[in-house]
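Visitor: I have a protein model to look through. Can you guide me, one question at a time?

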Amino acid sequence: MLTEQNIRHLENYRQTIAREMNASLERIEEHTYERAVELILACRAAGGRVHVTGIGKPAHIGGYIASLLSSTGTPCYELHGTEAVHGSSGQVVPGDVVIAISNSGETAEMKATVTTLKKNGAVIIGVSGNPSSWLARASDVHLMAGVSEEGGPLNRAPRASILAEVIALQGLTVLLQSIADVTPQQYVSWHPGGALGKLREDEQRPSRSAD
């Protein structure tokens, strides 16, 4: 049975998420991403690769963002945040771009991983909630994804901050997909399974490559 305190916590969560997500969406402007987009495009033009990494819960975001980028025209690889210092950083070569996600920007494991990647010649796009954090200072570009409250009991478990990081990085994927000018036919070819693998009625026309 839910108590009044339980219900208050849920209502606090709802109000906090609405407030923090609105603030996150207001931060999405083209100038926020311009340098990050330039670095990724230059990397790809030179034959390099894009990777995403994170520690703890942001690591799960990393897998999603790597998949989202790959499915929208920017091939991307997930890099395990802690295995990177045990050999997995070998998947990153000089000139590659690594998107590193950390709410605090101060996590010890993340510092070790980013330090290793930079020594290997990687370009770092940092995503954190603190523009003065270690990660922000160590990155070639920093994307802000900060919140003032998480929502929920104790105000500790990552909730709003995780959503803010997703929103910030989804904005980046939208720009990259737009620049890649992905056609419905290309998108469908990358999603042969499920509903996404079917053209909608308004997309039933020849692709540009057939013109």
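Visitor: At what angle do helix α2 and α6 pack, and how are they placed to each other?
Guide: This is a predicted model, in which local features need pLDDT of at least 70, side-chain atom pairs count only at pLDDT 80 or more, and totals for chains, interfaces and linings use all residues. Residues are numbered from 1 along each chain as its sequence is written, and side-chain values use heavy atoms, with hydrogens and water left out. Helix α2 (residues 30–45) packs on α6 at about 55°, with the axes 11 Å apart. The two helices are therefore oblique.

Visitor: How are such terms defined?
Guide: Helices (H or I, at least four residues) and strands (E, at least two) are DSSP runs, numbered from the N terminus. Axes are lines fitted to C-alpha atoms, for helices over the stretch in contact, and angles run from 0 to 180 degrees between N-to-C directions. Angles under 35 degrees count as roughly parallel, over 145 as roughly antiparallel, 65 to 115 as roughly perpendicular, and the rest as oblique.

Visitor: Which residues make the contact, and how many are nonpolar?
Guide: Contact means heavy atoms within 4.5 Å. From α2 come Y33, A36, V37, I40 and L41; from α6 come I167, A168, G171, L172, L175, L176 and I179. Ala, Val, Leu, Ile, Met, Phe, Trp, Tyr, Cys and Pro count as nonpolar, Asp, Glu, Lys and Arg as charged, and the others, Gly among them, as polar. The contact has no charged residues, 1 polar and 11 nonpolar.

Visitor: How is α1 placed against α6?
Guide: The axes of α1 (residues 4–26) and α6 (residues 160–180) come within 10 Å and cross at roughly 25°. That makes the pair roughly parallel.

Visitor: Which residues of α6 does α1 meet?
Guide: The crossing of α1 and α6 is right-handed. On the α1 side, the contact uses I17, E20, M21, S24 and L25. The α6 side gives A160, L163, A164 and I167.

Visitor: How is α3 placed against α6?
Guide: Helix α3 (residues 57–70) packs on α6 at about 15°, with the axes 10 Å apart. The result is roughly parallel.

Visitor: In what order do the strands form the sheet?
Guide: Two strands pair if DSSP finds at least two bridges between them. Here 5 strands form an open sheet with parallel pairing, in the order β2-β1-β3-β4-β5.

Visitor: Which are the edge strands?
Guide: An edge strand of this sheet pairs on one side only.

Visitor: What is the bridge partner of V127 in β5?
Guide: Strand β4 (residues 123–128) pairs with β5 in the parallel sense over 4 bridges. In β4, V127 is also the bridge partner of I101. In β5, the partner of V127 is L143.

Visitor: Which strands does helix α4 touch?
Guide: Helix α4 (residues 108–119) packs on the sheet. Its direction makes about 160° with that of β4. The strands touched by α4 are β1, β3 and β4.

Conventions:
A crossing is left-handed if the near helix is turned anticlockwise from the far one by less than a right angle, and right-handed if clockwise.
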